[in-house]
Amino acid sequence: WSQVVSEAEKIVGYPTSFMSLRCLLSDELSNIAMQVRKLVGTKHPLLDTARGFVYDSRNNLQMRGLVVLLISKAAGPSTAELSFQHNMVSGIYSSQRSLAEITELIHTAFLVHRGIVNIGELKSCDGPLKDMQFGNKMAVLSGDFLLANASTSLAQLQNTKVVELISSAIGDLVQGIYYENSKSSEENCLTDDISISTWTEQVFLSHSALLAKSCQAAMELAKHSAEMQDMAFQYGKHMSMSHKLHSDLQPFVKESSSDTMAFSLNSAPAVLHQEFLGREAWIKQIRELQEAIKAGKGVTSAIDLCRYHGNRALAALELFPPSEARAALANIVYAVTSFP
């Protein structure tokens, strides 16, 4: 994965680890970073989120912006925009680069907002109550700051359709995360009776909508046809679905995975296993679930589903002319659909 990302970054012109550098180096965010240092010594999740911006070995944080840049370069200029090719750098319009930064800012803002803890569930080992409350305030304010920057940059693109697309993606994210949080507060959240179709809808909202609509918006900025915009949307949607499935599968397909390796009972293998097994048997097996999933059909079905979305993403690329950028987009799909 790291090699695929590194090669893709060379194609688009610069490392996407610096995607939102202008915002992250601003005086306002520097002040926020100084305040976050007060959380050192506690177990507030905002600290882990901040560390991820610096030590993200898997490059997951910057994946969305990179894909937006790649698909912009793969599509190239449209016939309607040929006269504006002098505004392109490495085959990408400046507005498309801004869109990639906006996508990353929105994703980062929601990561920061997720770093809010339920004060009522805290333990004494998590840290002093006043520090955890302070951490929650910082998560809300810094997330809002990033969203405000993204909204300002979005308005500067001066494209009504793009504003509508990205705004609706933010709405999808809110809806998806709200659903996750409302379920996690229930006592039966770990044994929620969820079908794979419901799982797919939820994952699209919370993981795929932003990338899918950003890819479509990148095509709109270059005045590409409705067909090209739809194919870009389909690539973003199905590639990100494959990415999520690949992540869900790791505890079950890694040879070195231990019995204590964390996994979610709402992940794709678990949901598919529940469908094959039946509700009552699922509840009986809850304590030995990980081994049961490894031995059942959930893992192989999730791998098949991951590859299905990967194939759909690859099919969407067929409309784009052959290029290094298109090959890099295909390599990203291959990376998230390969298993040991």
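**Salt bridges**

I searched the whole structure, a predicted model, for salt bridges (a side-chain nitrogen of Lys or Arg within 4 Å of a carboxyl oxygen of Asp or Glu) and got two. Residues are numbered from 1 along each chain as its sequence is written, and side-chain values use heavy atoms, with hydrogens and water left out. Local features need pLDDT of at least 70 and side-chain atom pairs count only at pLDDT 80 or more, while totals for chains, interfaces and linings use all residues.

For helices I use DSSP runs (H or I, at least four residues; strands are E, at least two), numbered from the N terminus. I checked burial too: Asp 172 and Lys 213 are both buried. Buried here means under 20% relative accessible area, exposed over 50%, and partly exposed in between, using a 1.4 Å probe and protein chains only.

The other bridge is Lys 244 with Asp 248, also listed at 2.8 Å, N to O. Both lie in helix H10 (residues 226-253), four residues apart, about one turn of the helix. I noted why that spacing works: an α-helix has 3.6 residues a turn, so residues three or four places apart point the same way. Lys 244 is buried at 18% relative accessible area, and Asp 248 is buried at 9%.

**H10 against H15**

Next I followed H10 to its partner. The axes of H10 and helix H15 (residues 324-336) come within 9 Å and cross at roughly 30 degrees. Axes are lines fitted to C-alpha atoms, for helices over the stretch in contact, with angles from 0 to 180 degrees between N-to-C directions.

**Cores**

I then went to the largest nonpolar core, which has 59 residues. Such a core is a set of buried Ala, Val, Leu, Ile, Met, Phe, Trp, Tyr and Cys residues joined through side-chain atoms within 4.5 Å. Val 67, Leu 70, Ile 106, Tyr 235, Met 239 and Phe 320 touch the most other members. Helix H5 (residues 63-75) gives the largest share, nine residues. A separate second core has 22 residues, including Ile 194 and Trp 282.

For Ile 106 I listed contacts (heavy atoms within 4.5 Å), leaving aside neighbours within four places in sequence: Leu 147, Ala 150, Ile 166, Ile 170, Leu 173 and Leu 210.

Helix H11 (residues 268-277) is mostly covered, with seven of its ten residues buried. Just after H11, Gly 278 has a positive phi of about 100 degrees.

I also found positive phi in residues other than glycine. Gln 158 is near 55 degrees, sits in the loop between helix H7 (129-156) and H8, and is exposed at 74%. Lys 223 is near 60 degrees, sits in the loop between H9 and H10, and is partly exposed at 42%.
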